[in-house]
There are 4 protein chains.
Amino acid sequence: MKDVEVRLLEQPQLKDPVLIEGLPGVGNVGKLAADHMIQELKAVKFAELHSKYFPPQVLVLPDGTVRLVNNEMYYHKSKVKGQPDLVILIGDYQGLTADGQYALADTMLEMALKLGVKQVYTLGGYGTGKIQAKPRVLGAATNLELVKEMKKHGVVFRKNEPGGGIVGASGLLLGLGALRGVPGVCLMGETSGYLVDPKSAQSVLEILGKILKVDLDFTELMTRAEQMDKLAQQLRDLERAAEGPNEEDLRYIG
Amino acid sequence: MKDVEVRLLEQPQLKDPVLIEGLPGVGNVGKLAADHMIQELKAVKFAELHSKYFPPQVLVLPDGTVRLVNNEMYYHKSKVKGQPDLVILIGDYQGLTADGQYALADTMLEMALKLGVKQVYTLGGYGTGKIQAKPRVLGAATNLELVKEMKKHGVVFRKNEPGGGIVGASGLLLGLGALRGVPGVCLMGETSGYLVDPKSAQSVLEILGKILKVDLDFTELMTRAEQMDKLAQQLRDLERAAEGPNEEDLRYIG
Amino acid sequence: MKDVEVRLLEQPQLKDPVLIEGLPGVGNVGKLAADHMIQELKAVKFAELHSKYFPPQVLVLPDGTVRLVNNEMYYHKSKVKGQPDLVILIGDYQGLTADGQYALADTMLEMALKLGVKQVYTLGGYGTGKIQAKPRVLGAATNLELVKEMKKHGVVFRKNEPGGGIVGASGLLLGLGALRGVPGVCLMGETSGYLVDPKSAQSVLEILGKILKVDLDFTELMTRAEQMDKLAQQLRDLERAAEGPNEEDLRYIG
Amino acid sequence: MKDVEVRLLEQPQLKDPVLIEGLPGVGNVGKLAADHMIQELKAVKFAELHSKYFPPQVLVLPDGTVRLVNNEMYYHKSKVKGQPDLVILIGDYQGLTADGQYALADTMLEMALKLGVKQVYTLGGYGTGKIQAKPRVLGAATNLELVKEMKKHGVVFRKNEPGGGIVGASGLLLGLGALRGVPGVCLMGETSGYLVDPKSAQSVLEILGKILKVDLDFTELMTRAEQMDKLAQQLRDLERAAEGPNEEDLRYIG
């Protein structure tokens, strides 16, 4: 078994596709956004990545069957003028170790280059510690032209933010991609960081949809966002009941 | 020295054998069950696995001699009609790291494929936090036919349980096995998770015995279960004496 | 991608150059000193090192663009008689793991040997737990001749100090360098260990400048040192206000 | 650089030598014993091992020079009838990781086999939690004949002790050695585990000296033991003064 093993289910023929990454992270914003996109576009799975850098674990599905944890790649051929072909990367986990993260991002970029990927969008959350009524979308990019273009689409750029840089696949695909000539953008939806955040995922997708001329229905994300809002409200009520008026420090709820 | 080194003591000739894995884990249920099976069937050791993924450690035996920690494989040729030949995998430890777990499971499956293994049973415990009078056996499998078949034998399937998936060799042998065309089942005996649990091991073996048409004597496991029951009772008494009536939170006792 | 990937921007032709290392460490003394030297000498970047041993991370620059974390090498050709050509190594991080540290130091030394490096100076901080008005510079070297030479320049040698040895790149470049015939010196500025310490960096550079006959302007370091002094004073005031007269135990401030 | 790099200073010609290992461990008993043996016998260093599995660190020697942390091998040619040639392995550290321990022990055994080593003695401490007036020496061996032989020399064998097995180089050299046909014995001096223990080292050497017909002078170890006794007494006095009569729980003092 190779360190990162690619199982190709189909070899898609795509025209200048764009790679979209949405792996687990802060508020699960990137994962929620990419999962939603796959569902709405009925994108087709064409590859599975297994790796010794993932946890040694199978997931148990509702029907009692198991599936080895993995990352998956989907494609979507454009049906609309001006809309690019898409490759979407999702998964159960990111690599567990620093060197695993590098090895995985490296393999993903190799696959992307073979597919002719011309640009990368990595999706994630930007933890603010506060619950946002209307989360903004922060950006970072591999060159100044992309920064300017993103600003036109309403992406916010703040000097030296995020201060800690961008860690994990969302950062590495940009950093390693740039070294191989693939430009990229990271879109980060503001999120409390305490709760899985479908509202933030929607903010990210609204902007990404405009950029890529992809029209998405958000009904499902909005329903999930309402459920999370109710849950957050219940937690706040419980806390107030227990401790009197207090700070909004909620536990993380997956 | 290779990362995983197989020392073959004998090359058994088996007919469509079934692989049974019982390595250390929650309540040591899988290990107890597989160790008991080897003892009762007088299965024959044919391979030892050493690895840099195990602790750098020798065990000291009662006679003062030492043995490098390892995993071992035993075989048992069927003497009963309808009973398959068996390969049983036990050991002192599982791999210490995620990549070690993958490397070990990979080697074990390669060995299994060479031996012609047609199906895998991985045995383990399912931690419930409570001491069970009559532990049930939960299951997970690599395909729906196996799920149905297991249900007939009394294996319980609960939607999305275990929620955290199955971690370690019991999970990987199924997940990696399925990718190589070897179907598999995980049988998990309910257990408190605080104590080594021979009763849960017996529950698992009762069902596995029925599936494989292997008739096992449980006297020894029952004796050990009684000893553990007494020990647990003594601990509860001590705790009550010390703190007054209180929760049943016992320390783990190997 | 190799474990340590060298991206050569230019192949400098140098005459018997000296390698100066200043990577992050105690009080960031080495990094501050080497960064300052590069700036003052307008040294030219000629190589970037990326590695799976660094964090999987991009940094976000003020203009919204990103850069993969790395180590960088600069050169400076001598314009003054008696002053050697210089190779200066700086970076965002040191290797995250022990084996990563070895692999990185190994690659750096290979590069140094190809460039004809004749001697190594590694720069760092020596944590004393106290804020020093005039930090001294402690030394360690790969041979006795260098120890004697350094003493002449005012470098302090104290028996068996630092007691814990020298850990990280500053140590390894000396230790591995000596095995390959490249002599070296470590210069350690005394520092509290709680604060980034430009004053200690200046002390180190004053001595290094004398050794290498490099004349440096310290205005910027002095400005930063004054800022840190004010910050430290504010922290002490805050602490005294809060707790009454107390020990000088400040939090680390990057 | 290889994972474990052997720097051979000399190729000794030895007749059926015995390998003695004394690396850092509980009470530093093994290291003290082997260091003492080298000193008393004026054994000759013939090899240095460097490795990425050791800490990335140089030690600073009294004269201000540095030395990369390592393991070292010495030899001693027999001058007495019945006394075997010796190879003695000492060092600053053991491998930091489990796989590093395996890789190091593997390399050491390869070297031992090339030197014609016929038997291994690994030296260590056995932590009892109590300060022993006259520490006994416990043993473990790779075969029953050696167990019997050791008992004749006063080595104590207790059923299943040490319960946790023997971890690190002292264990692996026996376990891996046995797999390659080199028999071995581990001699463990009883020690509190809180203090560096020259008295326990002496106990181990007294027995090892008898076995190998090596006559050693213990003056230096006895002086160090007296110093440690005084130190321990001072600590006990301090503790009693501070807290009244209390348990003998001393901090570890290197």
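**Salt bridges, symmetry and local geometry**

Modeller: In this predicted model, a network of salt bridges links R7(A), K45(A), E48(A) and E72(A).

Colleague: How many salt bridges are there over all chains?

Modeller: The rule gives a count of 56 salt bridges over all chains.

Colleague: Let us take chain C. Which residue forms a salt bridge with D92(C)?

Modeller: The partner of D92(C) is R67(C), and the closest N and O atoms are 3.0 Å apart. This pair links distant parts of the chain: D92(C) belongs to the loop between strand 7 (86-91) and helix 2 (98-114) of chain C, whereas R67(C) belongs to strand 5 (residues 66-68), and the two are 25 residues apart.

Colleague: Turning to chain D, what does K118(D) pair with?

Modeller: K118(D) forms a salt bridge with D16(D), the closest N and O atoms being 3.8 Å apart.

Colleague: What about D16(A): what is its phi?

Modeller: D16(A) has a positive phi, near 45°, in a residue other than glycine. Most residues other than glycine have a negative phi. D16(A) is placed in the loop between strand 1 (4-8) and strand 2 (18-21) of chain A, and its relative accessible area of 45% makes it partly exposed.

Colleague: And what is the phi of N28(D)?

Modeller: Phi of N28(D) is positive too, near 50°, and N28(D) is a residue other than glycine. N28(D) lies in the loop between strand 2 (18-21) and helix 1 (29-41) of chain D.

Colleague: A change of topic: what rotation superposes chain B on chain A?

Modeller: The rotation is 90°, with 0.1 Å of shift along its axis, and the RMSD is 0.1 Å. That is the relation of a four-fold axis. The C-alpha of T97(B) is the nearest to the axis in chain B, at 7.7 Å.

Colleague: How much area is buried between chain B and chain A?

Modeller: About 1,900 Å² is buried there, and carbon and sulfur atoms give 67% of that area. Y102(B), N160(B) and L179(B) supply 29% of what chain B buries against chain A, more than any other three residues. In terms of contacts, 28 residues of chain B meet 21 residues of chain A.

Colleague: How many salt bridges and polar contacts cross that interface?

Modeller: The rule finds one salt bridge across the interface of chain B and chain A. It joins the side chains of D99(B) and K52(A), at 4.0 Å from N to O. Eight residue pairs are in polar contact between chain B and chain A, both residues being at pLDDT 80 or more.

Colleague: Which element of chain B gives the largest share of the side that touches chain A?

Modeller: Helix 4 of chain B does, with six residues. The residues on that side of chain B comprise 14 nonpolar, nine polar and five charged.

Colleague: Is helix 4 of chain C mostly covered or mostly open?

Modeller: Helix 4 (residues 169-179) of chain C is mostly covered, with nine of its 11 residues buried. Just after this helix, G181(C) has a positive phi of about 85°.

Colleague: Lastly, is S200(D) buried or exposed?

Modeller: S200(D), in helix 5 (residues 198-212) of chain D, is buried, with a relative accessible area of 0%. Its side chain reaches the backbone oxygen of G189(D) at 3.2 Å, and a polar atom of the S200(D) side chain is 2.9 Å from the backbone oxygen of E190(D).

Notes. Residues are numbered from 1 along each chain as its sequence is written. Chains are lettered from A and ligands numbered from 1 in the order in which they are written. This is a predicted model: local features need pLDDT of at least 70, side-chain atom pairs count only at pLDDT 80 or more; totals for chains, interfaces and linings use all residues. Side-chain values use heavy atoms; hydrogens and water are left out. Copies are superposed by least squares on the C-alpha atoms of residues with pLDDT of at least 70 in both. Helices (H or I, at least four residues) and strands (E, at least two) are DSSP runs, numbered from the N terminus. Buried means under 20% relative accessible area, exposed over 50%, partly exposed in between (1.4 Å probe, protein chains only). A polar contact is a pair of N or O atoms within 3.5 Å; within protein, one must be able to donate a hydrogen and the other to accept it, and residues adjacent in sequence count only if both atoms are side-chain atoms. Contact means heavy atoms within 4.5 Å. Buried area is the accessible area (1.4 Å probe) that two parts lose on being put together, summed over both. Ala, Val, Leu, Ile, Met, Phe, Trp, Tyr, Cys and Pro count as nonpolar, Asp, Glu, Lys and Arg as charged, and the others, Gly among them, as polar.
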